[in-house]
Amino acid sequence: MSSHYMSGLVVRAEGTPARIEELRLPEIGPGQVRVRIRAAGVCHSDLSMINGTLRPPHPLILGHEAAGEVVETGEHVTRAAVGDRVVLNWQPACRNCWFCDHGEPWLCSTSHGVAALENGITLDGAPVHVTLGVGALAEQVVIPENAVVRVPPELDFDLAALLGCAVLTGTGAVRNTARVQPGESVLVIGLGGVGLSVVAAARAAGAAQVIAVDVTEAKKSLAEAAGATDFVVSSENLSKEIRSRTDKRGADHAIECVGRASTIRAAWRATRTGGQVTVVGMGAADDMVQLSALEIFSSARTLRASVYGQADTDVAVPALARDVLDGKLTLDHLITDRIRLADVPAAFDRMARGEGARSVVVL
Ligand SMILES: [Zn+2]
Ligand SMILES: [Zn+2]
């Protein structure tokens with residue numbers, strides 16, 4: 001086959017803006033699939049790739065939350081066929097390493113970190129890195145077959161895309177990591193696509209109180225639509241405010257969806273004695289969280305991270321897809337903007353200003 005070219009959103013160097021570039025696709029190899037992206041979400045982790053929070057290598061194709069259609073399969077591919085509708089998985093499980101063997105495929109040790117260089121896509125003849133091994137803010141991706149999860153063809157591409165990061169992460173944090181029980185109180189800090197998914201999953205799990213927190217009043221109606229019982233604008237007095245709403249104890253759970261030391265610390269302080277703090281946000285390497293030795297002991301709290309919803313993506317994504325099709329899981333309120341690839345920089349600006357929920361690129 002002769003050369004395939006496509007457009008993708010690329011950052012050429014640290015501190016430079018993301019721009020649409022013409023990229024050359026490689027011939028696909030054994031075990032790989034080529035997917036035409038039909039919808040891709042703009043996730044906060046993509047913003048973190050360009051605002052200095054994360055320090056990825058460059059040039060870099062942004063994007064990792066997407067769904068599309070398989071258009072070509074390499075030799076020996078058994079998991080997908082041309083025409084399949086698929087969700088992309090940015091943490092594919094090798095099924096061979098210690099973590100996969102011990103039931104923790106979301107921690108698979110073959111993970112790429114923030115960017116990979118292995119799929120052969122080039123920019124001006126030189127290899128280009130792809131965000132989280134995916135690089136989905138582009139017309140096409142070339143990925144290993146274990147990085148696609150088939151979903152029913154009736155599922156809309158834009159909703160399917162959300163299952164690949166925000167919804168899997170948010171739902172899994174509630175069900176698999178925090179294991180929220182009926183009647184409990186849950187504080188959710190940061191109301192982007194992940195945080196709003198946490199709010200909805202916490203209500204669905206039977207939480208009696210879901211207190212949603214963000215930096216501006218602008219997220220109030222989105223939080224309420226997702227099922228929040230309370231909405232609080234973040235302030236210096238957050239823990240006092242949360243205590244006043246939880247019989248002076250603090251919340252049973254706090255789920256932090258920002259990835260900043262200050263909000264992790266706020267989540268910790270607003271949680272009751274013996275409560276659980278779950279960190280979902282991906283933060284910076286040098287942003288240190290301070291906890292005293294005495295408060296760790298005397299508060300008896302648990303502090304945990306939830307990576308990619310602590311879920312087996314191959315099982316969880318098809319299950320979430322069925323829930324959407326059966327009407328048990330409503331995602332429409334999560335998509336506040338349907339945009340083109342060229343509009344992604346403006347979507348990053350909205351995200352930085354704390355506006356809207358998910359912007360989804362429709363291709
Ligand atoms: Zn994401
Ligand atoms: Zn593995």
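Trainee: What makes the meeting of the side chains of Asp84 and Arg150 a salt bridge?
Mentor: The N to O distance is 3.5 Å, and a salt bridge is a side-chain nitrogen of Lys or Arg within 4 Å of a carboxyl oxygen of Asp or Glu, so the pair meets the definition. This is a predicted model, in which local features need pLDDT of at least 70 and side-chain atom pairs count only at pLDDT 80 or more, while totals for chains, interfaces and linings use all residues. Residues are numbered from 1 along each chain as its sequence is written, chains are lettered from A and ligands numbered from 1 in the order in which they are written, and side-chain values use heavy atoms, leaving out hydrogens and water.

Trainee: Why is the Asp84 and Arg150 pair said to tie together parts of the chain?
Mentor: Asp84 lies in the loop between β5 and β6 and Arg150 in strand β12 (residues 148-150), so the parts tied together are 66 residues apart in sequence. Helices (H or I, at least four residues) and strands (E, at least two) are DSSP runs, numbered from the N terminus.

Trainee: Why is Asp84 called buried?
Mentor: Its relative accessible area is 16%. Buried means under 20%, exposed over 50% and partly exposed in between (1.4 Å probe, protein chains only), so Asp84 is buried. Arg150, at 47%, counts as partly exposed.

Trainee: What is the distance between the closest N and O atoms of Asp158 and Arg338?
Mentor: They are 2.8 Å apart, and the two residues form a salt bridge. Asp158 is in helix α3 (residues 157-163) and Arg338 in strand β19 (residues 335-339), 180 residues apart. Asp158 is buried, with a relative accessible area of 13%. The whole structure has 22 salt bridges, and a network of them links Arg12, Arg19, Glu21 and Asp124.

Trainee: What makes the arrangement around the zinc ion (ligand 2) tetrahedral?
Mentor: The 4 donor atoms subtend angles of 103 to 117 degrees, and four donors count as tetrahedral if all angles lie between 85 and 135 degrees, so the arrangement qualifies.

Trainee: Which atoms coordinate the zinc ion (ligand 2)?
Mentor: Cys94 (SG), Cys97 (SG), Cys100 (SG) and Cys108 (SG) do, at 2.3 to 2.4 Å. Donors are N, O and S atoms within 2.8 Å of the metal (3.2 Å for Na, K and Ca); water is not among the atoms, so sites may look incomplete. The spacing of these donors along the chain is C-x2-C-x2-C-x7-C. Cys94 is partly exposed at 23% relative accessibility, whereas Cys108 is buried at 2%.

Definitions and conventions:
Four donors count as tetrahedral if all angles lie between 85 and 135 degrees; four count as square planar and six as octahedral if opposite donors are over 155 degrees apart and all others between 65 and 115; anything else is irregular.
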